[in-house]
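Reader: Please take me through this chain by question and answer. Start with the overall picture, then go to the details.

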Amino acid sequence: MKKRNILLLVLLLPLVAFAQFTNDAEEFCTARELVFRTKTRHFLGSDEFVYNYLTTQNFFTSDSASFIKYRVPVKLWIYTHRDGSGNISDEEIGVFIKDLNYFNIANKTGFRYYLQDVEYRQKNRHYKLGYFWEAPWQSFIHKDKGAINVHFAGNIKKAGGTVSGTFNQLSRSVLVKKGSTRTSLTHEIGHYFGLLHPHRYFKGNKCHQEAVSRTRKYKGCLTRKGLICETSGDKLCDTPAEPDLLKSVNKECEYTGDFEDNWGEKYVPKVNNIMSYPAYRKCRNEFTAGQVALMLYTAERNRFAPYWQTEKNGQAANIQFNFDNFEPDNAKAMASVLKEDETQYHSFHSIFKGSGKKVGKDKTDWVEISIYTHLKNDMNIKFMQGVSVFPNMEVTIFNSNNEIISTKNISKNGQSEINLKKLPVGKYYIKIEIKENHTFADYILSYTN
Ligand SMILES: [Zn+2]
């Protein structure tokens, strides 16, 4: 670690500890607004501002599949016991990233996430991280540039219990407990891109609590003026004011609370916001337009935005990072399923690692094929030209016993098909490795029986 970082850490750690001690003990995610929000100070949570901003982003004229503004690398730090136990499997890693993209696509956020790298920390004493010191410390010393750093610990211990996830404002890193819910990572990355909890300061006075009414204004508050919903709570008017939903949402995802705000109006909260706290986390599935706008606005001001963005001055940008929809699939346990007569577009893309010169490469794809009935014909696996360079590839096919049944080289001017004689019923895995050095290459894959 650089000297400057050590100095910064020594100066700031007491602040982290102090600020976090003030948390509500019931909170699961304990991210709080700690530092001044200089980058988003001109953002206004009114519906009008949000609408105008999203219009400039072509939000309303795009569908969710094509609305991709940023491709953001995610670096995973996985804490295990010294003997490697307590690990997160490749399959789980794949699911984390695929879930993250699922909720982002479903809500048309404009963000797509890909794996930058996975690094394992094998130390018994770091398997369970202490919330106040160890977790912030580890997130300061293990940090890669240009990516969102996500730390998966066996547990994040806090007096009186554990924390399922947190976003550290100072290291700007995400910490998640293993086995957390499908939306935990999406929620914490929401904090990374500027989102706050809708119930923030719901126990506060009239100058701090968000009012149920969307038109209520501050009265007699020193520094606060204008509409309350633009400044209190999560500062967004399109997320209703809400109490902490932990004990007031039932299994059916219905609000069962009877709370009133400081002005005597009953809360009418949503129960499905990804930044909220229903006890049944499966209820969470939504970002509002205001939340999407704030995340995009924050991302635009990130120092790595020039490398994450997919467009510059109306032109496609950073196409070397254009990973396909099946990523991550660089391990057998992450293999994407290919069905008969389906065509899949796959790319071997570059991986952003903090500067224009430092890039990694996605070199391997894994695909899974299932054969359910006895085949009468040979199987034909086809590799076709994508939109860029068609590379030389080595293709290895495994049966379900992990035995190699075929190895072939595929190239543009050579062979581009593989024929397999009447395969028995079972699962097969295809490993496709690029054998050349390209910043970007791609192919289209399909098979017939
Ligand atoms: Zn949170």
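**The chain as a whole**

Reader: What percentage of the 449 residues of the chain count as buried?
Author: This is a predicted model: local features need pLDDT of at least 70, side-chain atom pairs count only at pLDDT 80 or more, and totals for chains, interfaces and linings use all residues. Residues are numbered from 1 along each chain as its sequence is written. Buried takes 20 or more other C-beta atoms within 10 Å of a residue's own, 12 or fewer is exposed, in between is partly exposed, and C-beta atoms are placed from the backbone. By that count, the buried share of the 449 residues is 39%.

Reader: How many helices and strands does the chain have?
Author: Helices (H or I, at least four residues) and strands (E, at least two) are DSSP runs, numbered from the N terminus. The totals are eight helices and 21 strands.

Reader: Which radius of gyration does the chain have, and which value does the globule rule give?
Author: The radius is taken over C-alpha atoms, and the rule is 2.2 Å times the number of residues to the power 0.38. The two values are close, so the chain is as compact as a globular protein of 449 residues.

Reader: What percentage of contacts between residues at least 6 apart join residues at least 24 apart?
Author: A contact means C-beta atoms, placed from the backbone, within 7 Å. Among contacts at least 6 apart in sequence, the share joining residues at least 24 apart is 73%.

Reader: In what order do the five strands of the open sheet with mixed pairing stand?
Author: Strands pair if DSSP finds at least two bridges between them. Strand 2 and strand 7 (165-168) each have a single partner, so one side of each lacks a neighbour in the sheet. The twist averages 20 degrees from one strand to the next. The order is 2-1-4-8-7.

Reader: How far apart are the end C-alpha atoms of helix 3?
Author: The expected span is 1.5 Å times one less than the number of residues. For the 17 residues of helix 3, that should be 24 Å. The end C-alpha atoms agree, at 24 Å.

Reader: What covers the buried residues of helix 3?
Author: Ile93, Phe96, Ile97 and Leu100 are among the buried residues of helix 3. An α-helix has 3.6 residues a turn, so residues three or four places apart point the same way. Helix 3 lies across strand 1 and strand 2. The cover includes strand 1, strand 2 and helix 6 (184-192).

Reader: Which residue in the turn between strand 5 and strand 6 has a positive phi?
Author: Strand 5 (residues 155-158) and strand 6 (residues 161-162) pair in the antiparallel sense over two bridges. Lys157 has Thr162 as its bridge partner in strand 6. Two residues lie between the strands of this hairpin. With a phi of about 85 degrees, the turn residue is Gly160.

Reader: Which residue is the bridge partner of Lys128 in strand 5?
Author: Strand 3 (residues 128-130) runs parallel to strand 5, with three bridges joining them. The partner of Lys128 is Asn155.

Methods: Contact = placed C-beta atoms within 7 Å. Axes fitted to C-alpha atoms, helices over the stretch in contact; angles between N-to-C directions.
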